[in-house]
Each structure stands twice: as structure tokens, then as C-alpha cells.
Amino acid sequence: MSEDESVEATESTESEVQNPLGSYEGERNKSGERHGFGRYLLANGDTYEGKYCRGLRHGHGLYVFKLGARYEGQWCRGQKHGRGSFVYPDGTRYEGEWKRDKRCGFGAYHYRNGDVYEGTWRQNYRHGLGSYTYADGGCKFYGSWVADRMQGIGQLTHQRHRHHGFWETNLPQGRGCYIFEKGSMLHGHFLHILDTSGQIVTEIDEASQELEISEDEPPREDTAVNAKELRPEPLKQGIVAVVWRSRRVTPYSPDLMPPEPAAVIDQESSVETLNDDVCDETDDERAEEYLKRDDDEVEYEDEYVDEEAEDEENDYLRD
């Protein structure tokens, strides 16, 4: 070991001995606790500059991690709580509301690849009503999310057309319709194709998704806390294709549309982002009624389709 390396090692050791808990410069209360504005260099190399209350980060502050990530925003009793922005070393960033150190409420998440999600969150998951814009292609999904999955009613908008329908674990499924910019509607439904047998399925056997439990380990009983914890649904396995089966083309009619996506309101949502409106149960009734309808039984205002609408349908199917 060289002399310089020996000195650096000695200084580093002395620094760790002298400041095992880091160093703080700022205001304190009568009890000696960090209280008011201060700057704190943690022993692990992280830094915090902002407000304190009785030794805990409380109020507005900036926390910079040693590896480059940073959070600037509101704190409450040592946790991220309120509005704030978190920037990751790779450029990914979240700007929005927090609750007890987790993304909760309304916020926008900008991904490294340029995609953007803007909507509601719960327990760090996309949950509720939100939009996801794809940087590659520019299409945009707007609809319901449950524990980070596209789940329920949604809309997928492209440059010249958009699809209204239902999603299950990130995949379109069941009845829906396409609406084209010239005013025609293409009705049909999505089917999921399995890879081995070629069967058309709409659901995955629940038994195949159950977790294997070791004989040496007793089954875990969910506590009251675990019961409230969100868990993303497993993605469907073995699907090689999502197939659209068209049934009929009609002129545009709002009466033939699936219901619009509705906001999910629950106790975990931020109070500041809740609307005064009460959740209307008629949206669920409309969705159930729409799914029960058969295309052959629906009375369309005009079953005759002009050549322009047929050309538009053919262009879409060729794409």
C-alpha cells in the first residue's frame, strides 16, 4: 500500500469513527433534536436538506441518494407524504402525490423509454383511472387500472381510429368496437389463442395460477394488513395471439358504444384528489348489459354500409 493510500484509508477510518451517524448542520429544539431547517449528511453518503420536526424529516425537503436518485417534496414524520417528485439515476421520474412513502393519489410517471402514465396510484401501483401514452407509435390507452394492470373498461386511441372495449390483465378481451375517423363503427370481439392446443380461451384456469406450498411450510394466514395490500394479478400464460373477430360495420351511434371508463374511489386515495361526486352504480349495470348483448340481436339504425365504410374496414384489417 502506498503512502497516499495509507493516509486516505486512515482519514476514512477516522471519519467513520468520529461521525458514525453522519453530520448535521442546522436548527435544534431544547431537547437537542433536529428541529427546523437543517442539512444532514448521512453516514451512507446520502444527503438531506430541508425541514425537520422533533428529529424527523417533516415539511419540504430535498433528499439526494448516493447513487444519484433524488426526491424533492413534502415529508411527514420521516416519510414521503404529500406532493413531490422522485428522479431515478436512469432519468425515470415520478411527479405527483405520496402517502406513507408510497405513490398514492394522482401522479405522472415518465419511463426511461419515453412512455408516460398519468393517473391515480395506490401503494406504488397504477390503480384507478389513468392514461398510458406509448412513445413508440404514439397510441394511448385510457381506462381502468387495478394493481398495475389494465383491467376493466378502456379505450385505445390510434392516429386514425380508436378501440372501445374491455381489458383483462393488460389484454383486450371480449366485446368491443372500433371507431374510425370518418364516422363508421366496426363491432366485434377479442379472443385469446393458446399456443399448444390452439383452443380459444377467455379465462385461465384458476387452479393453474395457485402458488405451490411446500409441505414443510404451513400455509400463511393473511393478516388484516395483508388483506388491504394490493397484489397484481398474474399475467395470462401460453397466449400466442390476441385475435379480433369482426361482426358488423355500422354508422357511428353513441347508443352502440361500451360504457365510458369510471374512476375508482377507495379509502387509500388521496383526499385532495377525490371528487365530490359519488360513484354511480349505473356504469357497472351498463357494462354488464353491453356484454350480454349479441351482435345478431342488436337492432342497428342502419344496417346498410356504404362503400366508403367498407373500404375503411378493409384498410384496418389489412394493417
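**Figure 1. Confidence along the protein chain of this predicted model.** The protein chain has a mean pLDDT of 75, with 66% of its residues at 70 or more. Over residues 1-18 the pLDDT is below 50. Beyond near neighbours in sequence, the stretch of residues 1-18 has one contact in the model. A further stretch, residues 299-310, also stays under 50 in pLDDT. For residues 299-310 the model has 14 contacts beyond four places in sequence. Where pLDDT is low, the predicted coordinates should not be read in detail.

**Figure 2. Cysteines in a structure with zero disulfides.** Cys-76 is in no disulfide. The nearest cysteine sulfur to Cys-76 belongs to Cys-53 and is 9.0 Å away, whereas a disulfide requires two cysteine sulfur atoms within 2.5 Å. Cys-76 counts as partly exposed because its relative accessibility is 26%, and the buried class is kept for values under 20%. Cys-139 counts as buried because its relative accessibility is 15%.

**Figure 3. Arg-149 in strand 12.** Strand 12 covers residues 149-157, and Arg-149 is found in this strand. Arg-149 is buried yet has no salt bridge. The nearest side chain of opposite charge is that of Asp-148, 5.4 Å away, while a salt bridge requires a side-chain nitrogen of Lys or Arg within 4 Å of a carboxyl oxygen of Asp or Glu.

**Figure 4. Contacts of Arg-149 beyond its sequence neighbours.**

Notes. Residues are numbered from 1 along each chain as its sequence is written. This is a predicted model: local features need pLDDT of at least 70, side-chain atom pairs count only at pLDDT 80 or more; totals for chains, interfaces and linings use all residues. Side-chain values use heavy atoms; hydrogens and water are left out. Buried means under 20% relative accessible area, exposed over 50%, partly exposed in between (1.4 Å probe, protein chains only). pLDDT is the predictor's confidence in each residue, from 0 to 100. Contact means heavy atoms within 4.5 Å. Helices (H or I, at least four residues) and strands (E, at least two) are DSSP runs, numbered from the N terminus. Lys and Arg count as positive and Asp and Glu as negative; His and the chain ends are not counted.
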